[in-house]
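Below are my notes on the model, as numbered points. Please read them with the structure open.

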Amino acid sequence: MASKSPTSKTLPPAPATARATAVQPNLHQQSHETQKYGEIVKLPNGLSEKVCKESVALLNQCLADTITLRDMYKKHHWQVVGPTFNQLHLMYDQHFEAQVLLVDILAERIQLLGGIALAMAADIAESTKIQRPPRGREPAAVQIRRLAEAHEMIIIAARDAAKKVDDAGDDGSNDVFVSNVLRTNELQVWFLSEHLVAASPVTA
Ligand SMILES: [Fe+2]
(Lines give C-alpha, C1' and ligand atoms only; values in the text may rest on other atoms or scores of the structure.)
Protein backbone atom coordinates (compact mmCIF):
# COMPACT_ATOMS: atom_id res chain seq x y z
CA MET A 1 0.00 0.00 0.00
CA ALA A 2 1.37 3.45 -0.93
CA SER A 3 2.26 5.59 2.07
CA LYS A 4 0.74 9.04 2.47
CA SER A 5 3.05 11.95 1.65
CA PRO A 6 3.99 14.14 4.68
CA THR A 7 2.30 17.15 3.09
CA SER A 8 -1.07 15.47 3.06
CA LYS A 9 -1.06 15.16 6.86
CA THR A 10 -3.47 17.60 8.52
CA LEU A 11 -2.24 19.01 11.82
CA PRO A 12 -4.74 19.81 14.56
CA PRO A 13 -5.48 23.54 14.89
CA ALA A 14 -3.16 25.51 17.20
CA PRO A 15 -4.68 27.03 20.36
CA ALA A 16 -6.29 30.43 19.76
CA THR A 17 -3.65 32.26 21.83
CA ALA A 18 -0.81 30.73 19.79
CA ARG A 19 -2.54 31.71 16.52
CA ALA A 20 -3.01 35.29 17.70
CA THR A 21 0.67 35.56 18.76
CA ALA A 22 1.86 34.21 15.42
CA VAL A 23 0.15 36.89 13.33
CA GLN A 24 0.16 39.89 15.67
CA PRO A 25 2.82 42.44 14.51
CA ASN A 26 5.11 43.53 17.33
CA LEU A 27 5.05 47.30 16.84
CA HIS A 28 7.05 48.29 19.91
CA GLN A 29 10.49 46.87 19.18
CA GLN A 30 13.62 48.74 20.19
CA SER A 31 17.32 48.07 20.02
CA HIS A 32 20.66 49.76 20.39
CA GLU A 33 22.43 50.62 17.12
CA THR A 34 24.02 47.49 15.74
CA GLN A 35 26.82 49.48 14.07
CA LYS A 36 27.88 53.02 14.96
CA TYR A 37 28.45 55.56 12.21
CA GLY A 38 32.17 55.60 11.43
CA GLU A 39 32.74 51.99 12.46
CA ILE A 40 33.81 49.42 9.89
CA VAL A 41 32.57 45.85 9.70
CA LYS A 42 35.46 43.83 8.33
CA LEU A 43 34.41 41.93 5.22
CA PRO A 44 36.54 39.43 3.26
CA ASN A 45 37.41 41.89 0.48
CA GLY A 46 41.22 41.85 0.70
CA LEU A 47 41.36 45.41 2.06
CA SER A 48 42.48 46.35 5.58
CA GLU A 49 40.07 47.99 8.01
CA LYS A 50 42.20 51.15 7.87
CA VAL A 51 41.94 51.36 4.08
CA CYS A 52 38.19 50.74 4.17
CA LYS A 53 37.72 53.40 6.84
CA GLU A 54 39.63 56.03 4.85
CA SER A 55 37.76 55.20 1.64
CA VAL A 56 34.42 55.32 3.45
CA ALA A 57 35.19 58.79 4.84
CA LEU A 58 36.01 60.09 1.36
CA LEU A 59 32.96 58.40 -0.17
CA ASN A 60 30.66 59.80 2.54
CA GLN A 61 31.85 63.35 1.90
CA CYS A 62 31.22 62.85 -1.81
CA LEU A 63 27.82 61.32 -1.00
CA ALA A 64 26.78 64.31 1.15
CA ASP A 65 27.80 66.74 -1.57
CA THR A 66 26.14 64.65 -4.30
CA ILE A 67 22.84 64.45 -2.40
CA THR A 68 22.97 68.23 -1.92
CA LEU A 69 23.63 68.80 -5.61
CA ARG A 70 20.88 66.32 -6.52
CA ASP A 71 18.40 68.25 -4.40
CA MET A 72 19.55 71.60 -5.77
CA TYR A 73 18.72 70.30 -9.24
CA LYS A 74 15.15 69.52 -8.17
CA LYS A 75 14.77 72.91 -6.47
CA HIS A 76 15.87 74.61 -9.68
CA HIS A 77 13.72 72.30 -11.81
CA TRP A 78 10.68 73.57 -9.90
CA GLN A 79 11.66 77.23 -9.58
CA VAL A 80 13.22 78.01 -12.97
CA VAL A 81 11.73 80.99 -14.81
CA GLY A 82 12.26 82.76 -18.13
CA PRO A 83 12.22 82.13 -21.88
CA THR A 84 14.39 79.00 -21.50
CA PHE A 85 12.03 77.56 -18.92
CA ASN A 86 11.20 74.33 -20.71
CA GLN A 87 14.76 73.56 -21.77
CA LEU A 88 16.21 74.17 -18.31
CA HIS A 89 13.27 72.49 -16.58
CA LEU A 90 13.96 69.31 -18.57
CA MET A 91 17.78 69.49 -18.37
CA TYR A 92 17.70 69.99 -14.60
CA ASP A 93 15.61 66.84 -14.25
CA GLN A 94 17.92 64.83 -16.51
CA HIS A 95 20.88 65.87 -14.38
CA PHE A 96 18.88 65.13 -11.23
CA GLU A 97 18.25 61.56 -12.41
CA ALA A 98 21.96 61.01 -13.13
CA GLN A 99 22.82 62.32 -9.65
CA VAL A 100 20.25 59.93 -8.14
CA LEU A 101 22.19 57.05 -9.72
CA LEU A 102 25.45 58.41 -8.32
CA VAL A 103 23.96 58.64 -4.84
CA ASP A 104 23.07 54.95 -4.89
CA ILE A 105 26.46 53.92 -6.31
CA LEU A 106 28.29 55.90 -3.61
CA ALA A 107 26.07 54.70 -0.75
CA GLU A 108 26.31 51.06 -1.76
CA ARG A 109 30.09 51.35 -2.21
CA ILE A 110 30.26 52.60 1.39
CA GLN A 111 28.14 49.71 2.65
CA LEU A 112 30.06 47.05 0.73
CA LEU A 113 33.29 48.33 2.30
CA GLY A 114 31.70 47.63 5.69
CA GLY A 115 30.88 51.27 6.44
CA ILE A 116 27.71 53.25 7.10
CA ALA A 117 26.39 55.59 4.42
CA LEU A 118 24.99 58.99 5.38
CA ALA A 119 21.33 59.14 4.44
CA MET A 120 19.09 61.59 6.27
CA ALA A 121 18.64 65.24 5.32
CA ALA A 122 19.84 66.62 8.66
CA ASP A 123 23.05 64.58 8.47
CA ILE A 124 23.61 65.66 4.88
CA ALA A 125 23.10 69.32 5.83
CA GLU A 126 25.72 69.01 8.57
CA SER A 127 28.23 67.28 6.32
CA THR A 128 28.06 68.89 2.89
CA LYS A 129 30.56 71.53 1.83
CA ILE A 130 28.21 72.98 -0.79
CA GLN A 131 26.85 76.39 0.16
CA ARG A 132 23.17 76.42 1.05
CA PRO A 133 21.08 78.31 -1.52
CA PRO A 134 18.22 80.58 -0.37
CA ARG A 135 14.73 79.11 -0.15
CA GLY A 136 13.40 81.68 -2.58
CA ARG A 137 13.56 81.85 -6.36
CA GLU A 138 16.65 83.11 -8.23
CA PRO A 139 17.23 83.96 -11.91
CA ALA A 140 18.19 81.06 -14.17
CA ALA A 141 21.72 82.41 -14.63
CA VAL A 142 22.25 82.33 -10.86
CA GLN A 143 20.80 78.83 -10.64
CA ILE A 144 23.30 77.67 -13.28
CA ARG A 145 26.19 79.45 -11.56
CA ARG A 146 25.35 77.76 -8.24
CA LEU A 147 25.13 74.36 -9.90
CA ALA A 148 28.39 74.82 -11.80
CA GLU A 149 30.21 75.84 -8.60
CA ALA A 150 28.87 72.78 -6.77
CA HIS A 151 29.95 70.55 -9.66
CA GLU A 152 33.46 72.00 -9.65
CA MET A 153 33.80 71.45 -5.92
CA ILE A 154 32.76 67.82 -6.30
CA ILE A 155 35.06 67.34 -9.31
CA ILE A 156 38.13 68.70 -7.49
CA ALA A 157 37.39 66.56 -4.41
CA ALA A 158 36.73 63.47 -6.56
CA ARG A 159 40.09 63.78 -8.36
CA ASP A 160 41.87 64.12 -5.01
CA ALA A 161 39.92 61.20 -3.49
CA ALA A 162 40.58 59.04 -6.57
CA LYS A 163 44.34 59.44 -6.09
CA LYS A 164 44.16 58.71 -2.35
CA VAL A 165 42.13 55.50 -2.69
CA ASP A 166 44.28 54.41 -5.63
CA ASP A 167 47.45 54.83 -3.54
CA ALA A 168 45.79 52.77 -0.79
CA GLY A 169 44.98 49.94 -3.23
CA ASP A 170 41.18 50.42 -3.24
CA ASP A 171 40.68 50.09 -7.00
CA GLY A 172 36.89 49.78 -6.76
CA SER A 173 36.53 53.14 -5.02
CA ASN A 174 38.97 54.68 -7.48
CA ASP A 175 36.71 53.46 -10.29
CA VAL A 176 33.63 54.99 -8.62
CA PHE A 177 35.35 58.34 -8.19
CA VAL A 178 36.66 58.42 -11.78
CA SER A 179 34.16 56.48 -13.91
CA ASN A 180 31.01 57.57 -12.10
CA VAL A 181 31.50 60.78 -10.10
CA LEU A 182 34.09 62.56 -12.20
CA ARG A 183 32.71 61.70 -15.63
CA THR A 184 29.09 62.46 -14.73
CA ASN A 185 29.95 65.80 -13.16
CA GLU A 186 32.27 66.85 -15.98
CA LEU A 187 29.55 66.09 -18.52
CA GLN A 188 26.93 68.07 -16.60
CA VAL A 189 29.30 71.04 -16.24
CA TRP A 190 29.58 71.16 -20.02
CA PHE A 191 25.81 71.16 -20.48
CA LEU A 192 25.37 73.88 -17.85
CA SER A 193 28.18 76.09 -19.08
CA GLU A 194 26.74 76.30 -22.60
CA HIS A 195 23.78 78.14 -21.07
CA LEU A 196 25.96 80.92 -19.65
CA VAL A 197 27.16 82.32 -22.99
CA ALA A 198 26.17 85.90 -23.86
CA ALA A 199 23.98 84.83 -26.80
CA SER A 200 20.34 85.43 -25.90
CA PRO A 201 17.51 83.14 -26.96
CA VAL A 202 15.23 86.15 -27.44
CA THR A 203 17.47 88.93 -28.83
CA ALA A 204 19.85 88.78 -31.84
FE1 LIG B 1 8.99 67.56 -12.54
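1. The protein has a radius of gyration of 25 Å, whereas a compact globule of 204 residues would have one near 17 Å. The radius is taken over C-alpha atoms, and the globule rule is 2.2 Å times the number of residues to the power 0.38. Along its principal axes the C-alpha trace spans about 95 × 45 × 40 Å.

2. This is a predicted model: local features need pLDDT of at least 70, side-chain atom pairs count only at pLDDT 80 or more, and totals for chains, interfaces and linings use all residues. Residues are numbered from 1 along each chain as its sequence is written.

3. The secondary structure consists of six helices and zero strands. Helices (H or I, at least four residues) and strands (E, at least two) are DSSP runs, numbered from the N terminus.

4. Buried residues are 28% of the 204 in the protein. Buried means 20 or more other C-beta atoms within 10 Å of the residue's own, exposed 12 or fewer, and partly exposed in between, with C-beta atoms placed from the backbone.

5. Cys62 counts as buried because it has 24 C-beta neighbours inside 10 Å. Beyond four places in sequence, Cys62 contacts (C-beta atoms, placed from the backbone, within 7 Å) Leu106, Ile154, Ala157, Ala158, Ala161 and Val181.

Conventions. Contact = placed C-beta atoms within 7 Å.
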